[in-house]
Amino acid sequence: MMKKYIAEFLGTFLLVLIGTGSVVFHEEVYEIGVLGIAIVFFAAVWLSALIFGNISGSHINPAVSLMAYFKKELSTKDFVLYVVVQTIGAFSASLLLKVLSPENKDLGATFAKIGAMNTFFLETALTFVLVFGILFTSSSKWSKYTGLVAAIIVGLEAYFAGPFTGASMNPARSI
């Protein structure tokens, strides 16, 4: 029973450590560019899906867990615990990044380069597209590709929206 919570913690931890870590790497070590960062986020999501998908569903995002809750795939208890462990996983990865890179003030955070309201609306739209893509794929004959679809959406959104907001698409990551 605890395996699914540990999987959500580790999956979210990996997403934030690897994904936002690529932003820190880009800023401090070697410029990999927006495309490089997007590829790393794609890989982090797909890796999490491959490793943890059969254990917890690899939601690694409270918005995805909320969708699963509304679909009655998660109980109230599981939904709350998923969100808690996802948030702790994201926070733990950010803390590790801060320890590894103490001079970096942003650590790949969501930012309001286009204004607070525009950022809010864009991030909401990005999250909606991600959740809708997961919902559509997971509820169809293509369900075995849900992790790949999620990774593609995250990668594309990171590429196209990353320069404007940081393209979090994930409340746990944004926290």
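1. Buried means under 20% relative accessible area, exposed means over 50%, and partly exposed lies in between, with a 1.4 Å probe and protein chains only. By that scale Lys72 is exposed, because its relative accessibility is 73%. Lys72 is found in the loop between α3 and α4. Lys72 is not a glycine, yet its phi is positive, about 65°.

2. Basis of the note. This is a predicted model, in which local features need pLDDT of at least 70 and side-chain atom pairs count only at pLDDT 80 or more, while totals for chains, interfaces and linings use all residues. Residues are numbered from 1 along each chain as its sequence is written, and side-chain values use heavy atoms, with hydrogens and water left out. Helices (H or I, at least four residues) and strands (E, at least two) are DSSP runs, numbered from the N terminus.

3. Most residues other than glycine have a negative phi. Ile60 has a positive one, near 45°, and is not glycine. Ile60 is found in the loop between α2 and α3. Ile60 counts as buried because its relative accessibility is 5%.

4. The main core. A nonpolar core is a set of buried Ala, Val, Leu, Ile, Met, Phe, Trp, Tyr and Cys residues joined through side-chain atoms within 4.5 Å. The largest one has 21 residues. Those with the most contacts inside it are Leu15, Phe41, Val45, Leu130, Ile134, Val154 and Met169. At least two core residues come from each of α1 (2-28), α2 (33-56), α3 (62-70), α5 (116-138) and α6 (146-165). With five residues, α6 gives the most to this core. Another core, of six residues, lies apart from it; Tyr5, Ala68, Leu74 and Val85 are among its members.

5. Leu130 and Ile153. Contact means heavy atoms within 4.5 Å. Residues up to four places away in sequence are not counted for Leu130, which touches Asn61, Ala150, Ile153, Val154, Glu157 and Met169. Ile153 lies in helix α6. Ile153 is buried, because its relative accessibility is 15%. With residues up to four places away in sequence again left out, Ile153 touches Val129, Leu130 and Gly133. The C-alpha atoms of Ile153 and Val80 are separated by 25 Å, and these residues are 73 apart along the chain.

6. α5. The expected span of a helix is 1.5 Å times one less than its number of residues. The 23 residues of α5 should therefore span 33 Å, and its end C-alpha atoms are 32 Å apart, which agrees. Its buried residues are Thr119, Glu123, Leu126, Thr127, Leu130, Val131, Gly133, Ile134 and Thr137. What covers them includes α3 and α6.

7. α2. Two of its residues deserve a look. Val45 is in helix α2 and is buried, at 8% relative accessibility. Leaving aside neighbours within four places in sequence, Val45 is in contact with Leu15, Ile60, Gly147, Ala150, Ala151 and Val154. Ser48 is also placed in helix α2 and is buried, at 1% relative accessibility. Not counting residues up to four places away in sequence, Ser48 touches Gly11, Gly53, Ser58 and Ile60.

8. α1 against α4. Axes are lines fitted to C-alpha atoms, for helices over the stretch in contact, and angles run from 0 to 180 degrees between N-to-C directions. α1 and helix α4 (residues 76-100) pack at about 35°, with their axes 7 Å apart. The crossing is right-handed; that means the near helix is turned clockwise from the far one by less than a right angle. The contact residues divide into 13 nonpolar, seven polar and four charged. Here Ala, Val, Leu, Ile, Met, Phe, Trp, Tyr, Cys and Pro count as nonpolar, Asp, Glu, Lys and Arg as charged, and the others, Gly among them, as polar.

9. Phe91. This residue is in helix α4. Phe91 is exposed, because its relative accessible area is 54%. Phe91 and Leu130 are 39 residues apart in sequence and 22 Å apart in space, C-alpha to C-alpha.

10. Thr110. This residue lies in the loop between α4 and α5. At 28% relative accessibility, Thr110 counts as partly exposed. Neighbours within four places in sequence aside, Thr110 is in contact with Thr119, Glu123, Thr165, Ser168 and Ser174. Thr110 and Ser168 are 58 residues apart in sequence, with a C-alpha to C-alpha distance of 5.9 Å.
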